[in-house]
Amino acid sequence: MPHDLLVEERLRELADRLRGPARLKSDLLTEARHGLEDAAEAYRASGLPAEEAERRAVAEFGGPAQLLPGWQAELAVGALRGLSLRVVALAALLVVAGDLTWRGASWSDGPRPPAGYLLLSSSVNVIWASALGLAVIGLLLVTWAARSGRPGPAALTRLVGGGLTVLLALGLLTGAALFGWSIGLWDAALTWPPMIGGMAVVSAGYVWVGRAARGWLHAAR
């Protein structure tokens with residue numbers, strides 16, 4: 001293999017096997033490129049031919065078996081950070097949107113909803129309160145990892161990320177059920193502008209957070 005392809009081949013091999021946030025992955029590969037180029041330059045300065053210098057730099061740098069576990073753990077932590085931040089933002093959005101959706105509704109002073117409806121509504125609140133708390137734990141874990149220079153316990157990262165993913169799925173299912181039940185109880189809910197607007201905003205928020213959850217699952221797989 002020509003010497004000018006050795007570094008590119010090693011970087012391409014790493015890039016193909018790494019999974020996680022694109023920006024963080026790019027940063028890791030850029031840092032690797034600089035390290036390889038500096039090592040090759042040092043070998044050339046010592047008198048080695050260019051091809052042998054790059055060959056030694058690549059061999060010294062290490063192969064995927066040595067590099068990938070640590071790098072993938074770092075990418076998983078980065079994906080958890082993005083997921084946790086989006087969950088916090090969506091939880092805040094749901095608090096605001098939930099209040100605005102019902103404020104001033106014509107059916108607010110009507111008959112009290114059935115017990116099952118109230119239980120479902122409380123369940124949605126509990127699910128999102130749990131997701132918010134777990135997201136805060138995720139951010140604390142990411143902050144600790146950044147300060148310590150280590151990715152943190154893999155099992156804990158998986159537990160927090162997996163818990164957030166499960167809570168998001170539960171929140172989506174219970175929220176959709178609550179919305180459908182609301183329409184069944186109050187026909188005017190389907191034509192109430194705040195309800196329509198709130199559901200559009202919340203749906204977009206779920207798509208936004210869902211992409212982060214999918215990215216975390218991909219990085220932690």
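R33 and E8 form a salt bridge, their closest N and O atoms being 2.4 Å apart; the term stands for a side-chain nitrogen of Lys or Arg within 4 Å of a carboxyl oxygen of Asp or Glu. R33 sits in helix 2 (residues 22–45) and E8 in helix 1 (residues 3–17), so the pair ties together parts that are 25 residues apart in sequence. The model is predicted: local features need pLDDT of at least 70, side-chain atom pairs count only at pLDDT 80 or more, and totals for chains, interfaces and linings use all residues. Residues are numbered from 1 along each chain as its sequence is written, and side-chain values use heavy atoms, with hydrogens and water left out.

**Confidence and helices**

- The protein chain has a mean pLDDT of 86, and 92% of its residues reach 70 or more; pLDDT is the predictor's confidence in each residue, from 0 to 100.
- Among the elements of the chain, helix 2 has the highest mean pLDDT (92) and helix 1 the lowest (84).
- Helices here are DSSP runs (H or I, at least four residues), numbered from the N terminus.
- Helix 7 has 28 residues and reaches 40 Å from its first C-alpha to its last, close to the 40 Å expected at 1.5 Å a residue; the expected span is 1.5 Å times one less than the number of residues.

**Salt bridges**

- The structure holds six salt bridges.
- Side chains of opposite charge can pair when their charged atoms come close.
- R33 is partly exposed at 28% relative accessible area, and E8 is partly exposed at 30%; buried means under 20%, exposed over 50%, and partly exposed in between (1.4 Å probe, protein chains only).
- R12 and E9 meet in another salt bridge, 2.8 Å from N to O, and being three residues apart in helix 1, they are separated by about one helical turn.
- E13 pairs with R10, with their closest N and O atoms 3.4 Å apart, and these two also lie three residues apart in helix 1.
- E13 is partly exposed at 31%, whereas R10 counts as buried at 18%.

**Nonpolar cores**

- A nonpolar core is a set of buried Ala, Val, Leu, Ile, Met, Phe, Trp, Tyr and Cys residues joined through side-chain atoms within 4.5 Å.
- The largest one has 35 residues, and L80, L83, V87, W128, L164 and L168 have the most contacts inside it.
- Helix 4 (64–102), helix 5 (115–148), helix 6 (154–185) and helix 7 (193–220) each supply at least two residues of this core, and helix 5 gives the most, with eleven.
- Apart from this core lies another, of 14 residues, among them L11, V58, L68 and L75.
- L164 touches L80, L83, S84, V87, A131, L134 and A135, not counting residues up to four places away in sequence; contact means heavy atoms within 4.5 Å.

**Aromatic pairs**

- Rings of Phe, Tyr and Trp (its six-membered ring) pair if their centres lie within 6.5 Å; planes under 30 degrees apart count as stacked, over 60 as edge-to-face and the rest as tilted.
- By this rule there are three aromatic pairs.
- F61 and W71 form an edge-to-face pair, 6.4 Å centre to centre with 65° between the planes; F61 lies in helix 3 (residues 50–61) and W71 in helix 4.
- W71 is buried at 15%, while F61 is partly exposed at 24%.
- Y117 and W181 are also edge-to-face, at 5.6 Å and 85°, and this pair links helix 5 with helix 6, its residues being 64 apart.
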